[in-house]
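Below are some notes for a colleague who is meeting this structure for the first time. Please read them with the model open beside you.

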Amino acid sequence: MKLRLSGPMTIDSIVDGDGIRAVVWAQGCRHACDDCHNPQTHSFTGGFEIEADELIEQIKGLRLHKGITLSGGDPFEQPLALAHVCREAKKAGLDIWAYTGYTFEELTDRDSKMHQEWASLLSEIDVLVDGRFDKDKKSLLLKFRGSSNQRIIDVRKSLEQGCAVIYEKYKDEKFE
């Protein structure tokens, strides 16, 4: 199973979720948010292809990392391959954060033609930072988000309750 990445995995990140993380940079994004932090990841033909199992081997070699973060681009443009990667990362004891321009509500919409594929990836994620970047709501004071409309979501609780539940650690932050 192949993945398209925009660059090699970043190790030892402390800005892409809680703890020391490795970041997987997915290539391809339909949102093209104005003033995006990673516009080079938008093209679906950019970056390079890698076998999912090769990335998994890199992840298994991580030491002292709390988890992996899926970013990009938008990981939900490659849900099945990344779900496979996430399952293996969890077996290695890592937690999973993911950034997406889609909202939790869009990802869980049963009428979407992508519902089953998105559900396969969403079920592997622990924390989701959702929503398109909005430059008018940009703030450098926000933890792990670029704009105040984005939410840090506890995926397990959200799937259980059927609605977006803000991750407990960040529930006191301003979410619009």
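Which residues touch the most other members of the largest nonpolar core?

1. In this predicted model, the largest nonpolar core has 34 residues, and those that touch the most other members are Leu3, Leu55, Ile59, Ile68, Leu70, Phe76 and Leu128. Two or more residues each are given to this core by strands S1 (2-5), S3 (21-26), S5 (67-72) and S6 (95-99), and likewise by helices H1 (52-60), H2 (79-91), H3 (104-107) and H4 (115-122). The largest share, 6 residues, comes from H2.

2. Leu55 deserves a look of its own: leaving aside residues up to four places away in sequence, Leu55 touches Leu3, Leu5, Met9, Val24, Ile50 and Val85. Apart from this core lies another one, of 8 residues, which include Trp97, Tyr99, Val127 and Tyr170.

3. As for helix H1, the residues Ala52, Leu55, Ile56 and Ile59 are buried there. Seen down the axis of H1, the buried residues fall within an arc of 105°, and they therefore line one face of the helix. An α-helix has 3.6 residues a turn, so residues three or four places apart point the same way. The cover over the buried residues of H1 includes S1, S3, strand S4 (48-51), S5 and H2.

4. Val15 is placed in the loop between strand S2 (10-13) and S3, and Val15 counts as exposed because its relative accessible area is 59%, where the cut-off for exposed is over 50%.

Notes
Residues are numbered from 1 along each chain as its sequence is written. This is a predicted model: local features need pLDDT of at least 70, side-chain atom pairs count only at pLDDT 80 or more; totals for chains, interfaces and linings use all residues. Side-chain values use heavy atoms; hydrogens and water are left out. A nonpolar core is a set of buried Ala, Val, Leu, Ile, Met, Phe, Trp, Tyr and Cys residues joined through side-chain atoms within 4.5 Å. Buried means under 20% relative accessible area, exposed over 50%, partly exposed in between (1.4 Å probe, protein chains only). Helices (H or I, at least four residues) and strands (E, at least two) are DSSP runs, numbered from the N terminus. Contact means heavy atoms within 4.5 Å. The arc is that of the directions from the helix axis to the C-beta atoms.
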